[in-house]
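Please look over the structure shown here before reading the notes. The points below are grouped by topic.

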Amino acid sequence: MKKELFELYSDYLLSSFGKTTATQLSSLVDGAYSHDQITRLLSRNHFDSKTLWQYVKPVVRQVEKNDGVLIVDDTTQEKQYSDENDLIAWHFDHVFG
C-alpha cells in the first residue's frame with residue numbers, strides 16, 4: 001500500500017463535509033494521483049480494525065504513559081429538534097421512545 005496516498009486519502013475523508021469520491025480527490029490534488037490509483041488503493045486493501053491499529057500504533061506508542069488511558073466515546077448526543085439530512089440520521093432514543 002502506498003502510505004503517502006493512504007495518508008492523503010484519510011486526510012481527505014477527515015476534512016470533507018460532504019460526499020467524497022476518488023474523482024474529487026484527484027481533482028483536489030490537480031491530478032497528482034489519478035482516480036484509478038485511488039480506486040486501486042481502496043480495492044486492493046482490506047481495511048479493518050487490525051489495519052487501523054497497525055497504522056496508528058506507532059503514534060499511540062509515542063504518547064503512551066503508564067498512568068494514562070485512551071477512551072473512545074461513540075455515544076450520540078440528543079438534539080431533539082434537529083432535522084434529518086444526509087449527515088444527520090434518526091436514532092432511536094430509549095429515554096423518549
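In this predicted model, L5, F6 and Y9 of α1 touch Q37, I38, L41 and L42 of α3. Sorted by class, the residues of this contact are 6 nonpolar, 1 polar and no charged ones.

**How α1 and α3 are arranged**

- Two packed helices are described by the angle between their axes and the distance between the axes.
- For α1 and α3, the axes come within 11 Å and cross at roughly 95°.
- Angles of 65 to 115 degrees count as roughly perpendicular, and α1 and α3 are therefore roughly perpendicular to each other.

**The nonpolar core**

- Which residues make up the largest nonpolar core? This core has 8 residues in all: L5, Y9, Y12, A22, L25, Y33, I38 and L41.
- At least two residues of this core come from each of α1 (3-15), α2 and α3.
- The largest share, 3 residues, is supplied by α1.
- In soluble globular proteins, nonpolar side chains tend to be buried together.
- I38 is a member of this core. Apart from its neighbours within four places in sequence, I38 is in contact with L5, Y9, A22, L25, S26 and Y33.
- Among these partners of I38, L5 and Y9 also belong to the α1 side of the contact with α3.

**The protein as a whole**

- The protein contains 4 helices and 0 strands, and its pattern along the sequence is α-α-α-α.
- The protein has 97 residues, of which 11% count as buried.
- Its accessible surface is about 8800 Å², and carbon and sulfur atoms account for 53% of that surface.
- If contacts are limited to residues at least 6 apart in sequence, 46% of them join residues at least 24 apart.

**D30, a loop residue**

- Where does D30 lie? D30 is in the loop that runs between α2 (22-28) and α3 (35-44).
- The phi angle of D30 is near 50°, which is a positive value in a residue other than glycine.
- Is D30 buried or exposed? D30 counts as exposed because its relative accessibility is 74%, and the cut-off for exposed is over 50%.

Definitions and conventions. Residues are numbered from 1 along each chain as its sequence is written. This is a predicted model: local features need pLDDT of at least 70, side-chain atom pairs count only at pLDDT 80 or more; totals for chains, interfaces and linings use all residues. Side-chain values use heavy atoms; hydrogens and water are left out. Buried means under 20% relative accessible area, exposed over 50%, partly exposed in between (1.4 Å probe, protein chains only). Contact means heavy atoms within 4.5 Å. Accessible areas come from the Shrake-Rupley method with a 1.4 Å probe; for residues, only the protein chains shown count as cover. A nonpolar core is a set of buried Ala, Val, Leu, Ile, Met, Phe, Trp, Tyr and Cys residues joined through side-chain atoms within 4.5 Å. Axes are lines fitted to C-alpha atoms, for helices over the stretch in contact, and angles run from 0 to 180 degrees between N-to-C directions. Angles under 35 degrees count as roughly parallel, over 145 as roughly antiparallel, 65 to 115 as roughly perpendicular and the rest as oblique. Ala, Val, Leu, Ile, Met, Phe, Trp, Tyr, Cys and Pro count as nonpolar, Asp, Glu, Lys and Arg as charged, and the others, Gly among them, as polar.
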